[in-house]
Amino acid sequence: GDDFSLIDRAEFVGSSYQIHVSKMAIYVSKTWYDYDNFTYTQKTTITHVDISDPAGNITVRGDITLPGSVFNRYQLDEYQETLRVVGHFWQNQSSNLWVVDVADPDNMTVLSGLQIDDAGSLMATRFAGNRAYAIHLPRTVDPLYVIDLEDPTNPVLCDILEIPGWVTHMEVRGYKIVAIGVDDTDGWRAAVSLFDVSDAYNAVLKDRVLIGDSY
């Protein structure tokens with residue numbers, strides 16, 4: 001119990017990291033701003049850290065830079081030798097999904113990309129198997145996006161479900177999503193929602209419970 005010791009460590013320059021951990025790797029995400037032609041562009045560099053050695057030695061492998069910001073860990077997900085990433089642009093309020101081939105960690109490459117939304121702030125993201133889900137707070141309606149990732153070279157936006165208010169966190173249980181957020185139909189009230197996404201092309205808000213009084 002008292003014989004813990006440091007076996008290995010890796011250091012990274014910078015700040016504002018988000019990470020995603022799988023059985024064999026840690027993906028370290030760093031969002032930064034590229035200044036070009038009098039314009040700041042958000043970019044995110046993701047580094048593959050190999051933790052597959054049972055003795056505890058770690059190896060920093062390759063990295064890849066993608067457009068957009070990654071500001072929480074739910075925007076990253078490793079699945080079957082791919083890394084799925086949702087990048088968001090604060091300037092023009094748009095989001096893109098990227099599927100990256102990580103079979104060779106020293107040479108990660110983009111397999112595909114898909115624009116999810118071009119008019120709203122990214123509020124919540126979750127990956128589950130061959131699906132991705134995202135909630136945006138746009139200028140007009142508040143949509144839940146259902147994305148099919150069965151073919152990593154061709155992600156498909158299947159459905160956009162308009163909902164009252166918005167969601168800040170989702171938990172996926174099979175083809176049900178439990179979400180917490182805000183209902184804004186009568187003030188701002190905390191809300192717990194249940195979505196049925198068994199049909200990717202027909203997402204349904206099954207129930208919603210409001211908590212507390214207005215605001």
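Predicted model: local features only at pLDDT ≥ 70, side-chain atom pairs only at ≥ 80, totals over all residues.
Let me begin with Phe-195, which, leaving aside its neighbours within four places in sequence, is in contact with Leu-144, Leu-161, Ile-163, Val-167, Tyr-175, Lys-176, Ile-177, Ala-179, Val-204, Leu-205 and Lys-206, where contact means heavy atoms within 4.5 Å. Residues are numbered from 1 along each chain as its sequence is written, and side-chain values use heavy atoms, with hydrogens and water left out.

Phe-195 also belongs to the largest nonpolar core, which has 17 residues, and together with Tyr-133, Ile-135, Leu-144, Val-167, Met-170 and Ile-177 it touches the most other members. A nonpolar core here is a set of buried Ala, Val, Leu, Ile, Met, Phe, Trp, Tyr and Cys residues joined through side-chain atoms within 4.5 Å, and buried means under 20% relative accessible area, exposed over 50%, and partly exposed in between, with a 1.4 Å probe and protein chains only. The elements giving two or more residues to this core are β10 (131–138), β11 (142–148), β12 (156–163), β13 and β14; strands are DSSP runs of E with at least two residues, numbered from the N terminus. There is also a second, separate core of 13 residues, which includes Tyr-27, Val-70, Leu-76 and Val-100.

Turning to the strands, β13, β14, β15 and β16 form an open sheet in that order, with antiparallel pairing, where two strands pair if DSSP finds at least two bridges between them. The edge strands are β13 and β16 (204–211), each of which pairs on one side only. Between β15 and β16 there are seven bridges in the antiparallel sense, and Val-192 has Val-209 in β16 as its bridge partner.

Finally, how many aromatic pairs does a search of the whole structure find? It finds two, given that rings of Phe, Tyr and Trp (its six-membered ring) pair if their centres lie within 6.5 Å, with planes under 30 degrees apart counted as stacked, over 60 as edge-to-face and the rest as tilted. Phe-71 and Trp-90 form a tilted pair, 5.3 Å centre to centre with 35° between the planes. Phe-71 lies in the loop between β4 (59–67) and β5 (76–79), and Trp-90 in the loop between β6 (82–89) and β7 (94–101), so the pair ties together parts that are 19 residues apart in sequence. The rings of Trp-166 and Trp-188 have centres 5.0 Å apart and planes at 85°, so that pair is edge-to-face.

Definitions and conventions
Helix = DSSP H or I, 4+ residues; strand = E, 2+ residues; numbered from the N terminus.
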